[in-house]
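Work through the exercises below with the sequence and the 3D structure at hand. Each task is followed by a solution in steps.

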Amino acid sequence: MKNKIVAGNWKMNKNFSEAEELLVSIAESLDDMRLETEIVVCTPSVYLEMAADISEESNFYVGAQNVSYAPKGAYTGEISAEMLKSAGADFCIVGHSERRNYFHETDEELAKKVDLLLENDIVPIFCCGEKLEERQSGNYFQVIDNQIKNALFHLDKEHFDGIILAYEPVWAIGTGLTATPEQAQEVHAHIRRIIEEKYGTEVAYNTYILYGGSCNARNALDLFSCQDVDGGLIGGASLVAEDFIAIVNAAETASKND
Ligand code: PGA
């Protein structure tokens with residue numbers, strides 16, 4: 001049995017007191033549960049320290065949503081991997097499609113971000129996924145292959161082993177249009193295959209590949225029951241404690257049924 005990972009991506013939501021309330025209610029709900037699933041809450045960076053404090057009494061990890069591609073220096077407004085680590089982040093999302101699209105992040109920058117995170121002992125949650133027109137043209141495997149190869153395949157085996165991948169079809173993010181379990185499984189199996197070709201069977205098996213894109217309490221169990229879906233990266237549904245916990249429960253059930 002391989003345990004699942006459920007990671008929440010709050011994006012740019014919640015003010016300070018709302019963030020505190022949500023973190024406390026997640027922590028309180030988790031206190032009553034004996035879980036095999038690993039839980040990560042990726043908050044806006046200004047809340048990392050608070051999240052890390054609350055997580056000390058609970059069983060979730062804290063993650064950031066972005067990191068600078070530079071290690072330090074004159075980059076006004078940026079936050080380095082070292083800063084994230086010192087504020088309590090153990091995970092960090094990299095290459096989310098919103099960052100690729102709105103902030104024009106390139107594969108080259110993403111490769112630098114991944115390296116800096118690994119150097120600072122932070123687990124990158126690397127996002128990949130195709131846009132609607134790329135799915136419709138049947139070109140999606142190529143798009144995903146390029147995203148993964150360009151940003152990750154410079155890593156040696158030992159470092160690649162420390163990465164989590166998230167398949168997030170852009171057409172499914174925040175749209176309510178979830179990939180079907182068959183669509184998710186097809187891409188996850190493909191991703192595992194290209195990892196296997198490069199790094200071998202053991203690394204491919206061990207690598208966590210999460211699904212993200214309108215994953216919610218209703219569809220999570222079906223998605224997480226797919227052979228190559230190792231959990232989820234959850235946006236909208238991670239902003240309500242009960243919904244997030246219901247998804248964590250779906251992950252528990254799916255790994256027990258494995
Ligand atoms: P969503 O977002 O669950 O709101 O679709 C997922 C994500 O962007 O990580």
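Predicted model: local features only at pLDDT ≥ 70, side-chain atom pairs only at ≥ 80, totals over all residues.

**Exercise 1.** Determine whether Asn66 is buried or exposed, and find its side-chain polar contacts.

Solution. 
- Locate the residue: Asn66 sits in the loop between β3 (61-64) and α3 (81-87).
- Apply the cut-off: buried means under 20% relative accessible area. Asn66 has 19% relative accessibility, so it counts as buried.
- List the contacts: leaving out residues up to four places away in sequence, Asn66 touches Leu84, Cys92, Ile93, Arg99, Glu105 and Lys113.
- Pick out the polar ones: the side chain of Asn66 makes a polar contact of 2.8 Å with the side chain of Lys113, and another of 3.4 Å with that of Arg99.

**Exercise 2.** Decide whether Asp145 is with or without a salt bridge.

Solution. 
- Locate the residue: Asp145 belongs to helix α7 (residues 140-152).
- Find the nearest side chain of opposite charge: this is Lys149, 4.4 Å away.
- Compare with the cut-off: a salt bridge needs a distance within 4 Å. Asp145 is buried yet has no salt bridge.
- Check the surroundings: apart from neighbours within four places in sequence, Asp145 is in contact with His190 and Ile194.

**Exercise 3.** Find which polar atoms lie 2.7 Å from an oxygen atom of the ligand.

Solution. 
- Start with the residues around the ligand, among them Asn9, Lys11, His96, Glu168 and Ser214.
- Check side chains: a polar side-chain atom of Lys11 lies at 2.7 Å from a ligand oxygen, and one of Glu168 also lies at 2.7 Å from a ligand oxygen.
- Check the backbone: a polar backbone atom of Ser214 is 2.7 Å from an oxygen atom of the ligand.

Terms used
Residues numbered from 1 in each chain as written. Heavy atoms only, no water. Helix = DSSP H or I, 4+ residues; strand = E, 2+ residues; numbered from the N terminus. Buried < 20%, exposed > 50% of the residue type's maximum accessible area, 1.4 Å probe, protein only. Lys, Arg positive; Asp, Glu negative; His and termini not counted. Contact = heavy atoms within 4.5 Å. Near = heavy atom within 4 Å. Polar contact = N/O pair within 3.5 Å; in protein donor to acceptor, adjacent residues only side chain to side chain.
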